[in-house]
Amino acid sequence: MSDDKLKVGVVTISDRASSGEYEDKSGPAVSEWLGQALVSEWGTIRKVIPDEQNQIEEVLIYLVDIEKCHLVLTTGGTGPAKRDVTPEATLAIADRVMDGFGERMRSISLKYVPTAILSRQVGVIRKGCLIINLPGQPKAIKETMDELFEAIPYCIDLIGGPYIETDESVVKAFRPKSAIRK
Amino acid sequence: MSDDKLKVGVVTISDRASSGEYEDKSGPAVSEWLGQALVSEWGTIRKVIPDEQNQIEEVLIYLVDIEKCHLVLTTGGTGPAKRDVTPEATLAIADRVMDGFGERMRSISLKYVPTAILSRQVGVIRKGCLIINLPGQPKAIKETMDELFEAIPYCIDLIGGPYIETDESVVKAFRPKSAIRK
Amino acid sequence: MSDDKLKVGVVTISDRASSGEYEDKSGPAVSEWLGQALVSEWGTIRKVIPDEQNQIEEVLIYLVDIEKCHLVLTTGGTGPAKRDVTPEATLAIADRVMDGFGERMRSISLKYVPTAILSRQVGVIRKGCLIINLPGQPKAIKETMDELFEAIPYCIDLIGGPYIETDESVVKAFRPKSAIRK
């Protein structure tokens with residue numbers, strides 16, 4: 001575990017948002033959620049890119065290898081349509097896949113919509129960074145993060161990142177007793 | 001989304017049914033369920049083949065590439081036994097895997113039997129077709145379809161197939177508001 | 001299905017337990033659980049090895065190919081940390097992956113801790129043997145086995161192993177009626 005400030009990459013993946021055809025509301029929704037949840041220090045780097053596998057891979061590699069992000073959250077591009085390639089790009093640059101993240105995110109969203117199973121979202125680790133594909137809709141982003149985030153601070157501990165503290169009225173970071181810093 | 005009639009391939013995969021050793025009850029159970037659930041126009045192509053990976057792959061490719069099915073439902077051959085090779089064949093000809101389908105089908109069947117976890121059934125996309133490995137038992141087919149099918153019409157919308165309408169007393173097709181045709 | 005006595009490999013995977021830095025409590029917890037649950041005859045082979053992928057692979061291959069185990073239970077090394085390589089080793093020597101086991105184990109542990117999703121544990125088949133990655137903590141081992149084991153005897157039937165009988169006050173082995181021996 002390091003004493004660095006948490007560095008989070010937030011990547012909106014959308015042809016229309018990246019071309020300016022409409023305003024990106026997903027990336028801001030991710031940042032807003034983090035702003036409410038995090039009590040320890042953090043900073044963010046935001047990117048808005050089209051649904052192009054090569055570009056997504058490049059941005060993910062840049063955020064992990066050059067910017068040294070500890071956490072990268074993507075939004076968009078996880079459905080079954082041809083232009084949806086976020087999971088392909090994420091898997092292509094992954095060191096290891098965390099199957100539990102994809103399962104859990106679909107299971108959370110399934111409480112709201114039966115079409116949650118159509119999402120191919122994944123969670124992976126590249127070097128010392130956890131990368132997670134969030135849904136595209138601001139409402140679904142919040143629903144997912146409210147539950148999923150409980151497990152993220154301990155995951156970041158285990159891969160060597162900074163100790164994250166949260167506002168427990170938003171989400172409680174769960175750690176085994178031996179991993180809690182007083 | 002196209003205005004074609006929905007074309008469904010139904011493939012029974014069973015050494016004993018294909019040799020005539022016993023009557024195929026699984027394929028008919030799939031067709032019967034579809035007959036009760038679908039309100040929009042549809043047609044079906046039925047195949048009964050042995051548990052041979054090459055033959056399964058050939059039939060799946062034929063149904064998607066030549067017959068232009070929008071949906072292919074297989075039944076049988078998903079267990080842990082050596083002769084069970086339906087998932088292997090399905091994955092071998094897939095363009096992309098929809099992990100949520102396998103997870104959801106096991107989770108539905110788990111409400112009935114703890115051995116549901118032994119099924120290796122998958123859902124995949126090849127070209128414009130959704131291919132799903134259903135269980136082999138007629139009872140389990142119905143249990144699965146009653147819940148799983150909620151998400152299938154919207155999936156077929158997203159991969160360019162026809163707009164499916166269902167009898168809501170059997171199953172309600174879920175779509176986000178913006179995707180509902182009046 | 002054979003009439004052999006059930007042979008179970010129990011492998012503790014831990015740098016500290018294998019170096020003697022601390023006492024292995026996980027392997028004994030697995031054996032103790034089996035001792036309480038199994039009514040039919042069984043025997044066990046125990047191994048304690050470090051978190052080294054090559055060594056894990058060698059031990060798994062030895063237990064399956066040479067010792068002819070019907071079931072191998074590993075404990076430890078399934079988390080996101082760099083030294084955790086049990087799933088990588090297990091997948092590397094697998095003939096087929098049983099996705100339902102990983103899903104189910106995470107889903108069982110999720111009732112106790114939200115960080116259950118961080119486990120990358122898998123279940124696979126190699127030849128006539130079922131290999132399962134259990135959690136590392138004795139408490140989590142028991143929680144998992146109490147529920148998961150319901151599906152294991154029938155799985156071992158299907159891959160050609162001996163007929164396992166359990167003490168139903170610990171866990172009930174589920175089998176379809178046609179598979180129950182009187």
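This is a predicted model: local features need pLDDT of at least 70, side-chain atom pairs count only at pLDDT 80 or more; totals for chains, interfaces and linings use all residues.
Student: What makes A:Ala140, A:Ile141, A:Thr144 and A:Met145, in helix 6 (residues 138-148) of chain A, buried residues?

Tutor: A residue is called buried if 20 or more other C-beta atoms, placed from the backbone, lie within 10 Å of its own, exposed if 12 or fewer do, and partly exposed in between. A:Ala140, A:Ile141, A:Thr144 and A:Met145 are buried. Viewed along the axis of helix 6 of chain A, the buried residues lie within an arc of 125°, and therefore they line one face of the helix. The arc is taken over the directions from the helix axis to the C-beta atoms.

Student: Against which elements do the buried residues of helix 6 of chain A pack?

Tutor: They pack against helix 2 (26-37), strand 3 (71-75), helix 5 (99-109) and strand 6 (129-134) of chain A. Contact here requires C-beta atoms, placed from the backbone, within 7 Å of each other.

Student: Why are strand 2 and strand 4 (96-97) of chain A called edge strands?

Tutor: Six strands of chain A form an open sheet with mixed pairing in the order 2-1-3-6-5-4. Strand 2 and strand 4 of chain A each pair on one side only, so they are its edge strands.

Student: How do you know that strand 1 (residues 6-13) of chain A pairs with strand 2 (residues 42-49) of chain A?

Tutor: Two strands pair if DSSP finds at least two bridges between them. Eight bridges join strand 1 to strand 2 of chain A, in parallel, and five join strand 1 to strand 3 of chain A, also in parallel. A:Val10 takes part on both sides: it stands opposite A:Arg46 in strand 2 of chain A and has A:Leu73 as its bridge partner in strand 3 of chain A. In strand 1 of chain A, seven of the eight residues are buried.

Student: Why is C:Gly160 called partly exposed?

Tutor: C:Gly160 has 15 other C-beta atoms within 10 Å, and is therefore partly exposed. This glycine is found in the segment after helix 7 (152-158) of chain C. C:Gly128 is 32 residues away in sequence, with 6.3 Å between the two C-alpha atoms.

Student: Which residues have the most contacts inside the largest nonpolar core?

Tutor: B:Leu71, B:Val72, B:Leu130 and B:Cys155 do, in a core of 51 residues. Such a core is a set of buried Ala, Val, Leu, Ile, Met, Phe, Trp, Tyr and Cys residues joined through C-beta atoms within 7 Å. Beyond four places in sequence, the contacts of B:Leu130 include B:Leu71, B:Ile152 and B:Cys155.

Student: How many residues do chain A and chain B each bring to their contact?

Tutor: Chain A brings 14 residues and chain B 14. On the side of chain A that touches chain B, seven are nonpolar, four polar and three charged. Ala, Val, Leu, Ile, Met, Phe, Trp, Tyr, Cys and Pro count as nonpolar, Asp, Glu, Lys and Arg as charged, and the others, Gly among them, as polar.

How values were computed. Residues are numbered from 1 along each chain as its sequence is written. Chains are lettered from A and ligands numbered from 1 in the order in which they are written. Two residues are in contact if their C-beta atoms, placed from the backbone, lie within 7 Å. Helices (H or I, at least four residues) and strands (E, at least two) are DSSP runs, numbered from the N terminus.
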